[in-house]
Amino acid sequence: MNKPLMKEMHTFGEQKENQSSPSKKPTPPKPQNAITIAVSSRALFNMDREQDIYEQQGMEDYLKYQIQHEIEPFAPGPAFPFIKAVEAVNTRLRELYPDSEELFDVVLMTSNHAHVGLRLINSINHYQLFIERFCMTGGNSLIGYLKAYHANLYLSADSLKVREAIEEGIAAATVFSPGKITEVQETQLRVAFDGDAVLFSDESERIYKAHGLAKFFEHEKAHENKPLDHGPLKGFLEALGKLQQKFYAKGQRLDCPIRTYLVTARSAASSGTRALKTLRSWGLEIDEALFLAGAPKGPMLEKIRPHIFFDDQMFHVEGAAELGTVAAHVPYGIAQKFQSKTARDVKKEMPAKQLE
Ligand SMILES: [Mg+2]
């Protein structure tokens with residue numbers, strides 16, 4: 001249904017000599033060595049106004065507007081502070097390991113027209129983001145591209161694309177703009193994860209949904225020593241852990257520019273043990289584990305001030321966003337069936353085509 005708007009354009013490292021940067025930029029790492037974060041243009045930048053024009057006036061007016069405003073950078077979008085923090089981590093990694101390619105690499109994924117591509121490049125240069133790789137899918141399915149780039153994480157504003165990625169086993173989340181702006185750290189990347197159906201599978205969540213809280217506690221106690229299966233974001237936590245180890249190896253554990261948080265509705269005494277033992281069985285460390293025992297997550301996240309928080313349940317995502325946290329929805333597991341808005345409902349409400 002979505003015909004390609006233009007031929008695909010991939011910018012790999014080899015084409016770097018076309019860059020006209022005054023200072024010498026470092027070479028981007030090879031995709032197989034890097035922790036690759038694929039981000040859609042509408043997640044990275046605020047394109048609400050443009051999206052409105054597209055929906056109300058159509059494609060031609062939309063393109064005309066984009067061209068007229070080509071030299072005007074887009075305002076930052078919900079994933080912007082996260083990408084900035086990722087780049088700050090890279091700066092530290094390059095100082096410690098000048099020859100290593102174990103770095104973050106950011107790929108901009110967009111289904112937009114090439115005319116909009118120019119405005120995106122201008123915006124990237126304006127904010128001095130180090131994004132060398134562009135993937136203009138022209139409306140084609142992006143799964144193949146995400147796999148080719150070995151994407152460790154895909155962030156998008158389009159829930160259908162995110163769902164498609166999750167179904168293909170790619171760590172992915174839909175990002176939402178917070179209700180208010182909270183200042184976040186610029187020198188330490190903070191990532192907060194929910195446990196069940198995000199880092200872990202939804203096996204315990206299923207018990208809870210089917211049999212209630214008492215049975216869930218009983219089940220978790222009985223299976224305390226049996227690690228939970230992995231969830232969609234486990235691989236990303238693992239990737240963050242790999243980079244953290246590089247700082248620890250240089251004696252920078254206390255000054256590590258990456259910090260991870262588990263923010264779960266589980267309670268410590270009754271069901272927290274299994275979560276912690278699971279992480280340990282995977283050989284993964286989490287810097288802080290917060291067991292909220294059903295208390296709302298928003299106020300805790302407001303204190304932590306992560307650059308991004310991942311949860312599989314929309315009410316936690318909404319609760320976090322209301323209090324100023326950039327929250328991302330991971331459409332995975334049993335909870336999706338219980339959500340007030342399923343992807344199918346969302347699809348009905350959405351315009352025929354989302355420009356990403
Ligand atoms: Mg959950």
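**Close-up views of a predicted model**

**View 1. Helix H7, spanning residues 159–167, is mostly covered, with seven of its nine residues buried.** A residue is called buried if 20 or more other C-beta atoms, placed from the backbone, lie within 10 Å of its own, and helices are DSSP runs of H or I with at least four residues, numbered from the N terminus. This is a predicted model, in which local features need pLDDT of at least 70 and side-chain atom pairs count only at pLDDT 80 or more, whereas totals for chains, interfaces and linings use all residues. Residues are numbered from 1 along each chain as its sequence is written. The buried residues of H7 are Ser159, Lys161, Val162, Arg163, Glu164, Ala165 and Ile166, and just after the helix Gly169 adopts a positive phi of about 80 degrees.

**View 2. The axes of helix H9 (residues 203–211) and helix H10 (residues 213–222) come within 7 Å and cross at roughly 150 degrees.** Here the axes are lines fitted to C-alpha atoms over the stretch in contact, and angles run from 0 to 180 degrees between N-to-C directions.

**View 3. In the contact between the two helices, Ser204, Ile207, Tyr208 and His211 of H9 meet Leu213, Lys215, Phe216, His219 and Glu220 of H10.** Two residues are in contact if their C-beta atoms, placed from the backbone, lie within 7 Å. By class, the contact of H9 with H10 comprises four nonpolar, three polar and two charged residues, where Ala, Val, Leu, Ile, Met, Phe, Trp, Tyr, Cys and Pro count as nonpolar, Asp, Glu, Lys and Arg as charged, and the others, Gly among them, as polar.

Notes. A residue is buried if 20 or more other C-beta atoms lie within 10 Å of its own, exposed if 12 or fewer, and partly exposed in between; C-beta atoms are placed from the backbone.
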